[in-house]
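Please have the coordinates open while reading.

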Amino acid sequence: MSKKILIEGGRALSGIIPISGAKNSCLTLMPLCILSGQSLVLQNVPYLSDVETMKDLLESLGCDVFFKKSKREIVLKLNRENLFEANYEIVRKMRASILVLGPLLAKYGQAIVALPGGCAIGTRPVNLHLQALEALGASFSIDNGYIKGLVQGKLKGARIEFPFKSVGATANVIMAAVLAKGSTEIFNAAQEPEIIDLCNCLLKMGCKIEGAGANKIVIEGVDNLGEVCHKVIMDRIELGTYILAGAISYSNIKLTGGELAPLKSFVEKLSNMGIELEEDMGLISVKRNCEKIRPVNIETQPYPGFPTDLQAQIMALLSIAEGESTIEENIFENRFMHVPELNRMGANIKTQGRKAIIRGVAELKGVPVVATDLRASVSLVLAGLVAKGETLIDEIHHLDRGYEHLVLKLNECGAKIGRV
Ligand code: UD1
């Protein structure tokens, strides 16, 4: 794939954009094929490089994986047992690879998974994953950059209380606990829709889980899991991103295949900024009521708070608001990599630790910029849609990790955007 995207700004968009299945849900659901050993069919699967990476990882762990792209369906089944080493060459491409740890330990009583390491948005340790799995009876050593996990006998249900919420650690411990002996209670569990989706799929496979989406989840272990066909939920982050595309370009676009309910805190902020959303018969319309966007103060929080995965995108919109806004990033310590790039486009944003102060400017200008991570890169696309002149975004492989057919979707609504 080409490495750069060129956008000619200033065009109004009009049309309907389909919202794809959720990347984060899909990546969490795919490793379930290790746990069950039975056929796992996932529908509404987005065509993304992260999904391909998870496919490669699962294939290296003995799974057959068929991705029927035209049907947006992926069929997975464990074929060769007792392969339990997740290689660094694959893990380094995607941190979500750590999600095979719980399933491998539950299935084989052992796992070797490369340490994912840091990434552009922070150090992102895995201590919470390991502590929770230790509570279930696993023991770990770190050897040559690899996590080596071992279980004597079978995992045993336990009481786990997370010191703070982690989506990945909650998912990992749920996947391990469903095959553990006895009952597991998880306190301070992540409440994201993707966790609910994981639990719904596991329930269909025969698991006993109560409290998905609540702070406390209770799981009663079972001996084995059945086959399942499950439709992945919509990608709320992709939906929020295209809502912002409509708002920033002062356009009349509609979104199909999404729903606003899981974006409550985001929708509230948009309303304060002067952007109203309507949901009718499965179509979401974006209406910007005012010439100038009103400034707001935002703090990212675990679900149901304002999502960190929409922080960079809303900053692009706030950079052309009338007045001063602030954004406090409470989830990741280094998630302002887009700030210098937005400033290169004429924005006036200063950071102080975890806080960004955004003074709205009259217009953004198209310049060459560099994408640094998935959400940062799409914030530059949003800025490019409204900037005067041409924006050339480099390192856009980040975008292919998480936005299905982004160029096509925006082009079909009249944006002038292409890969070069
Ligand atoms: C998931 C999402 C990601 C999203 C993030 C927060 C997937 C594949 N990715 O990432 O898009 O931005 O949730 O909504 O679903 N932490 C620790 N120790 C741990 C685990 C996490 O200190 O063992 C910290 C992280 O560094 C971070 C915070 O906890 O500061 C929350 O991270 P977490 O919810 O675990 O994010 P991920 O599951 O990695």
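How far is a nitrogen atom of the ligand from an N or O atom in the side chain of Asn127? The separation is 2.7 Å.

## Basis of the model

This is a predicted model, in which local features need pLDDT of at least 70 and side-chain atom pairs count only at pLDDT 80 or more, while totals for chains, interfaces and linings use all residues. Residues are numbered from 1 along each chain as its sequence is written, and side-chain values use heavy atoms, with hydrogens and water left out.

## Ligand surroundings

The ligand is surrounded by 18 residues (a heavy atom within 4 Å), and the closest are Asn127, Leu128, Ser166, Asp309 and Ile331. One oxygen atom of the ligand lies 2.7 Å from a polar backbone atom of Leu128, and an oxygen atom of the ligand is 3.0 Å from an N or O atom in the side chain of Asn24.

## A buried arginine

Arg375, in helix α13 (residues 374-386), is buried (under 20% relative accessible area, 1.4 Å probe, protein chains only). Arg375 has no salt bridge (a side-chain nitrogen of Lys or Arg within 4 Å of a carboxyl oxygen of Asp or Glu), and the nearest side chain of opposite charge, that of Asp309, is 4.2 Å away.

Notes: Helices (H or I, at least four residues) and strands (E, at least two) are DSSP runs, numbered from the N terminus. Buried means under 20% relative accessible area, exposed over 50%, partly exposed in between (1.4 Å probe, protein chains only). Lys and Arg count as positive and Asp and Glu as negative; His and the chain ends are not counted. A polar contact is a pair of N or O atoms within 3.5 Å; within protein, one must be able to donate a hydrogen and the other to accept it, and residues adjacent in sequence count only if both atoms are side-chain atoms.
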